[in-house]
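Subject: Structure handover

Hello,

Here is the structure we spoke about handing over. Please look through it before reading the notes below.

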Amino acid sequence: MRPDFDDTIAAIATPLGEAGLGVIRLSGPAALSIADQLFDGRRPLSTAASHTLHHGWISRAARRLDEAVAAVFRAPTSYTGEDVVEFSCHGSPAVLRELLGWCCESGARLARPGEFTQRAFVNGRMDLAQAEAVASVIGARSARSARAAADQLAGGLSARVGELRKKVIELLADIEANLDFADEDIPNLPKDRVAAAIGSLTDGINLLLSTGTRGRWLREGGSVVLAGRPNVGKSSLFNAFLAEERSIVTDVPGTTRDTIEERLSWDGYPIALVDTAGLRATVDPVEAIGTDRARRAAGSADVVVLVVDASQPLTDDDRAISRALNGQAVVVALNKSDRPAQVTPTDIVRIGLQRSVPVSAVTRAGLADLRSAVLSLFPSGPETGESGVVITNERHAEKLAESLSACESAIDALHAGRGEDAVAFDLRRAAGALAAVTGEDVGEAVLDSIFSRFCIGK
């Protein structure tokens, strides 16, 4: 069941806060008439052509609120598929709130979260996977995650899922024709042909699902924890990566007492970089809390950068920390490489770690190599073809997994000789799960849940 949208909604479409511009969006059957009440331009907006811009003043009862540009988009070629007007005025929170109030007093109501995009979906302007990609674009944490979301918004995932569903339906049609016309002169489908067709489907679904690990990283980012004994230069390295003095650096061991986290982008991937307290035995209760938090941060990290002072021989603490990191993804940063080296990559291999990179937090030498070494340890996963379709949405992954399970069940039914009706039943389940990805077969409660996570105004 699809909701009926017969009213007009309004919302602030830009973040609140002082800015050069702010946008108020109206959508619905009364959008143009409401805009006429509030916009003083050369002519009424209700007479304007679609996809046109108009300069004028926001005013009401002879009171001017702000100078603005009104954009008119007529149904059915607007974002929502309805008549849409967008007022671009100065980004004053006071101005935007007052204009929004005027819109609601003139016949609109405040939009619910995601309602503009929900109307676009209901009106056929985009499918559900594309609608969800809108939220992914807005929430993208890096250039690569933004590109993945933009590909979905352009229909890359929808096209791939549509191809798979088309194959399921074509095979299902052949099987059901045999079932419906069993008494007619129609040759039975060869078992090996059906098995090959289902096998091709499972390969295609598996290929999409295999991008999920990379998609999770694009969506959520990875955590990189700087760990090591006190005074090896963890905080200096942290500051060097950030290009600012974020962590306090002194010659006194144990200066860092807590974990410090900053988000940044490495080669277009979102990264949470964490500085930690030096790991050593201590009787200081405050420092002990810091070292415990450092151990827990390192234990849950995607990649640990073990920082050692390469200008001094390895210590028992360095060796103990390396043993504690056994089984984790670790890159050793041979810090202070601007000084004569007392530790070499061979020494690192001897203590059981394979990857090491000479760096200097002072001169910034080797930072790019260290970053590349860290990124190489993240599970990238494949991109499916030139379009680079990646599964970044958990709901999509769940539905693809349901479809895969149904195809595998169909293969089992075929080999077990349970009959074409059992195979057809499983293929119908597979088709339904694929249809749910793009919203062709999804309930209203699911839609409400999806769009409620959007920001108001989108």
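The notes below go from the whole chain to single elements and residues.

This is a predicted model, in which local features need pLDDT of at least 70 and side-chain atom pairs count only at pLDDT 80 or more, while totals for chains, interfaces and linings use all residues. Residues are numbered from 1 along each chain as its sequence is written, and side-chain values use heavy atoms, with hydrogens and water left out.

Overall

The protein chain has 16 helices and 13 strands. Both are DSSP runs numbered from the N terminus: helices are H or I with at least four residues, strands are E with at least two. Of the 458 residues in the chain, 48% are buried. Buried means under 20% relative accessible area, exposed means over 50%, and partly exposed is in between, using a 1.4 Å probe and protein chains only. A contact means heavy atoms within 4.5 Å. Among contacts between residues at least 6 apart in sequence, 68% join residues at least 24 apart.

Helix 3

Helix 3 covers residues 115-122 and is mostly covered, with seven of its eight residues buried. Those seven are Glu115, Phe116, Thr117, Gln118, Arg119, Ala120 and Phe121. They pack against strand 1 (9-12), strand 2, strand 7 (109-110), helix 4, helix 15 and helix 16. After helix 3 comes Gly124, which has a positive phi, near 80°.

Strand 2

Val23 sits in strand 2 (residues 19-27). Val23 counts as buried because its relative accessibility is 16%. Not counting residues up to four places away in sequence, Val23 touches Ala11, Ile12, Ala13, Thr14, Glu86, Phe87, Ser88 and Leu96. Val23 and Leu96 are 73 residues apart along the chain, and their C-alpha atoms are separated by 7.7 Å.

Salt bridges

How many salt bridges does the structure hold? There are 21, where a salt bridge is a side-chain nitrogen of Lys or Arg within 4 Å of a carboxyl oxygen of Asp or Glu.

One of them joins the side chains of Glu176 and Arg428, at 2.3 Å from N to O. Glu176 lies in helix 6 (residues 156-180) and Arg428 in helix 15 (residues 420-438), so this pair ties together parts that are 252 residues apart in sequence. Glu176 counts as partly exposed at 26% relative accessibility, and Arg428 also counts as partly exposed, at 40%.

Other salt bridges lie within a single helix. Asp347 and Arg350 meet at 3.2 Å, N to O; both are in helix 12, three residues apart, about one turn of the helix. Arg350 is exposed, with a relative accessible area of 67%. Lys399 and Glu402 meet at 3.5 Å, N to O. These two are three residues apart in helix 14 (residues 394-416), so about one helical turn separates them. Lys399 is partly exposed at 23% relative accessibility, and Glu402 is partly exposed at 40%.

There is also a network of salt bridges that links Asp7, Glu82, Arg109, Arg112, Glu115 and Arg119. Glu115 and Arg119 are among the buried residues of helix 3.

Lys336

Lys336 is in the loop between strand 12 (330-335) and helix 12 (345-350). Is Lys336 buried or exposed? Lys336 counts as buried because its relative accessibility is 18%. The side chains of Lys336 and Asp309 are joined by a polar contact of 3.2 Å. A polar contact is a pair of N or O atoms within 3.5 Å; within protein, one must be able to donate a hydrogen and the other to accept it, and residues adjacent in sequence count only if both atoms are side-chain atoms. The side chain of Lys336 also reaches the backbone oxygen of Asn231, at 3.4 Å. Leaving aside neighbours within four places in sequence, Lys336 is in contact with Asn231, Val232, Asp309, Ser311, Val359 and Ser360.

Regards
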